[in-house]
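Good morning, and thank you for coming.

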Amino acid sequence: VQQPRNEKEAPKKKKSKTLLIVIIILLLAALGAGAALLFFGSGNQGSKAIVSAGGGHCIVINADGSKAVAGDNAHGQCAVADWDNLVDVSAGLNFTIGLRADGSVISTGNNEFQQCAVYEWSNVKAISAGNKHTVALLEDGTVVATGDNTYGQCDVSRWRDIVAIAAGGFHTVGLKSDGTVVATGNNTYGACDVSGWRDIIAVSC
């Protein structure tokens with residue numbers, strides 16, 4: 001006997017998507033009249049919505065795999081219409097990177113410092129974009145980086161046993177499997193003074 005369909009499921013999904021659209025419209029209003037607002041569909045089904053904000057733009061992956069991007073597109077940082085199979089995104093100062101389900105990485109926008117030079121990366125499980133650099137966590141717990149390295153923010157090649165990463169404006173932090181944190185880059189304001197931290201479960205900068 002066919003079970004009756006739960007009629008409450010459809011309204012919940014519709015309400016969730018409507019809320020997402022409202023959020024994006026509000027972000028667009030805050031960015032100003034000259035901003036761009038684009039929605040793109042995708043066949044990839046995700047498990048949660050993902051949001052990332054850059055210097056003057058923002059990008060969203062909805063739980064159903066659709067994308068929305070809003071804001072400054074002077075450098076092509078909003079040119080993501082042909083991106084598919086995304087599992088994560090990160091918006092930098094004026095560029096955007098995306099992680100695909102197969103572990104490859106794509107990018108668009110300003111590439112003055114090679115921050116978009118990510119197309120040869122593979123086996124990536126997490127990404128993070130800073131002002132002018134990009135960092136990726138690989139499946140084996142190592143980290144790779146590309147872009148501006150003026151302050152040593154890309155000096156991550158010796159990091160091991162990393163489980164999470166975050167790229168700041170001019171520095172990078174990594175969370176190790178034992179709950180400690182490593183950091184590299186501009187430490188003018190003590191942003192990298194993390195060596196004494198213990199039992200950490202997440203990082204962001």
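Let me begin with accessibility: a residue is called buried under 20% relative accessible area, exposed over 50%, and partly exposed in between, with a 1.4 Å probe and protein chains only. By that scale, Asp84 is partly exposed, because its relative accessibility is 34%. Arg100, at 23%, is partly exposed as well.

This is a predicted model, in which local features need pLDDT of at least 70 and side-chain atom pairs count only at pLDDT 80 or more, while totals for chains, interfaces and linings use all residues. Residues are numbered from 1 along each chain as its sequence is written, and side-chain values use heavy atoms, with hydrogens and water left out.

A salt bridge here is a side-chain nitrogen of Lys or Arg within 4 Å of a carboxyl oxygen of Asp or Glu. The count under this rule is 1 salt bridge. Its partners are Arg100 and Asp84, at 3.4 Å from N to O. Arg100 belongs to strand 6 (residues 95–100), whereas Asp84 sits in the loop between strand 4 (67–71) and strand 5 (86–91), so the contact ties together parts 16 residues apart in sequence. Strands are DSSP runs of E, at least two residues long, numbered from the N terminus.

I turn now to the sheet. Strands pair if DSSP finds at least two bridges between them. An open sheet of 3 strands runs in the order 8-9-10, with antiparallel pairing. Strand 8 (124–129) and strand 10 (143–147) are at the edges with a single partner strand each, so one side of each has no neighbour in the sheet. Strand 9 (residues 133–138) pairs with strand 10 in the antiparallel sense over 5 bridges. Leu137 stands opposite Val143 of strand 10.

Notes
Helix = DSSP H or I, 4+ residues; strand = E, 2+ residues; numbered from the N terminus.
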